[in-house]
Amino acid sequence: MVAGLEETSDGIIEIGQREVTHMDPADRGVAMVFQTYALYPHMTVEENMGFGLKMTGHPASEVQEKVAKAAAVLKLEPYLKRRPKALSGGQRQRVAIGRAIVRGPEVFLLDEPLSNLDAELRVDMRVEIARLHKEIGATMIYVTHDQVEAMTLADKIVVLRAGRIEQVGAPLQLYENPQNMFVAGFIGSPSMNFVSGQPSGDGVMAPGLSSGPLSVSANLSSAGSNLMIGLRPQDITLDEAGSTHRVDLTEHLGGVAYAYLTAETGEKIVAEFRGKNIPENGSTIGLSFQNESLHVFDAGTEQRL
């Protein structure tokens, strides 16, 4: 709808101070970068990047100047005479972004632009896009299913589920204060742990985390009889006196390790450990955590309390 490729049935779309709801796509000042690079295979990099300007009647000298400037920003100068088949996936994606840059749009629309790249290239291109955004200064609307991309690139994240907005905010705001279980589980890697609980006086009972009652800052007056308690893996520490869990599997990633644990209730949680004191597979360990790090959700509505 922002691009003008889908009809807007209700509401308005504004870019800057201009209403563009029913404006022709070519007049909106929008450039789109697709998940598939959509490059013309018979054209060189230079021709691909300048094609849009050429079709709108820009002088050849202006097209060449804008292509050269975009190629310099994207480090594509050595490849300008190559065709797409002679480029790597990352280079092709840079050409697709370059084609958008030369148009000088007010808004860039990027539809999962890194999903076709391998892991190492994705990291490199993520850094490139972040750098590019700072240099160009234009607004970018970036669609991704990768929450790491969302956290590292965004000034503002809009979390969508089934076409509905779940929460809008800065990355750390969503991370620290998720409004519901969907946002809490989506933002953060590994995901937040969830265990069942029940109200108990001024606190909660969560046998999957502790044998005793837990004090929480949540307002439980409107809570139902069933709760879900959220706890992030990095907020868990080893404690011999803490609640006991069996270590099913430990993943060692160098500076960090993730232990996949089973509580006495049978509930599964993940804990993050750093340093050399890493629990072994099959062992039984005690865990503790700060009560302030707990998030309490209504199990029925999944809303945070």
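**Group meeting talk: a walk around a predicted model**

Helices and strands here are DSSP runs numbered from the N terminus, with at least four residues (H or I) for a helix and at least two (E) for a strand.

A word on the ground rules. Residues are numbered from 1 along each chain as its sequence is written, and side-chain values use heavy atoms, leaving out hydrogens and water. This is a predicted model, where local features need pLDDT of at least 70 and side-chain atom pairs count only at pLDDT 80 or more, while totals for chains, interfaces and linings use all residues.

Back to Glu302. Its phi is near 65°, a positive value in a residue other than glycine. Why mention that? Most residues other than glycine have a negative phi, and most peptide bonds are trans. Glu302 is partly exposed, with a relative accessible area of 29%. For these words, buried means under 20% relative accessible area, exposed means over 50%, and partly exposed is in between, using a 1.4 Å probe and protein chains only.

Lys75 also has a positive phi, about 55°, although it is not a glycine. You will find Lys75 in the loop between helix 2 and helix 3, and at 46% relative accessibility it is partly exposed.

And the peptide bonds? Ser189 and Pro190 are joined by a cis one, with omega about -5°. Pro190 sits in the loop between helix 7 (181-186) and strand 8 (193-200).

Next, two helices. At what angle do helix 1 and helix 2 pack? Helix 1 (residues 45-55) and helix 2 (residues 60-73) pack at about 130°, with axes 9 Å apart. Those axes are lines fitted to C-alpha atoms over the stretch in contact, and angles run from 0 to 180 degrees between N-to-C directions. The two helices are therefore oblique to each other: under 35 degrees counts as roughly parallel, over 145 as roughly antiparallel, 65 to 115 as roughly perpendicular, and the rest as oblique.

Now for charges. How many salt bridges does the structure hold? There are twelve, each being a side-chain nitrogen of Lys or Arg within 4 Å of a carboxyl oxygen of Asp or Glu. One of them joins Glu46 and Lys81, at 2.6 Å from N to O. This pair links distant parts of the chain, with Glu46 in helix 1 and Lys81 in the loop between helix 2 and helix 3 (89-101), 35 residues apart. Glu46 is partly exposed at 21% relative accessibility, and Lys81 is exposed at 64%.

Glu166 and Arg161 also meet in a salt bridge, at 3.1 Å from N to O. Is Glu166 buried or exposed? Glu166 is buried, with a relative accessible area of 17%, whereas Arg161 is partly exposed at 33%. Arg122, Asp146 and Glu149 are linked in a network of salt bridges.

Let me finish on the surface. Val158, Leu160, Ile165 and Val168 form a nonpolar patch there, with about 360 Å² of accessible area together. Patch members have over 30% relative accessible area and no salt bridge; nonpolar side chains (Val, Leu, Ile, Met, Phe, Trp, Tyr) are joined within 5 Å, and like charges within 9 Å. The areas come from the Shrake-Rupley method with a 1.4 Å probe, and for residues only the protein chains shown count as cover. Strand 6 (157-161) and strand 7 (164-169) each supply at least two residues of the patch.
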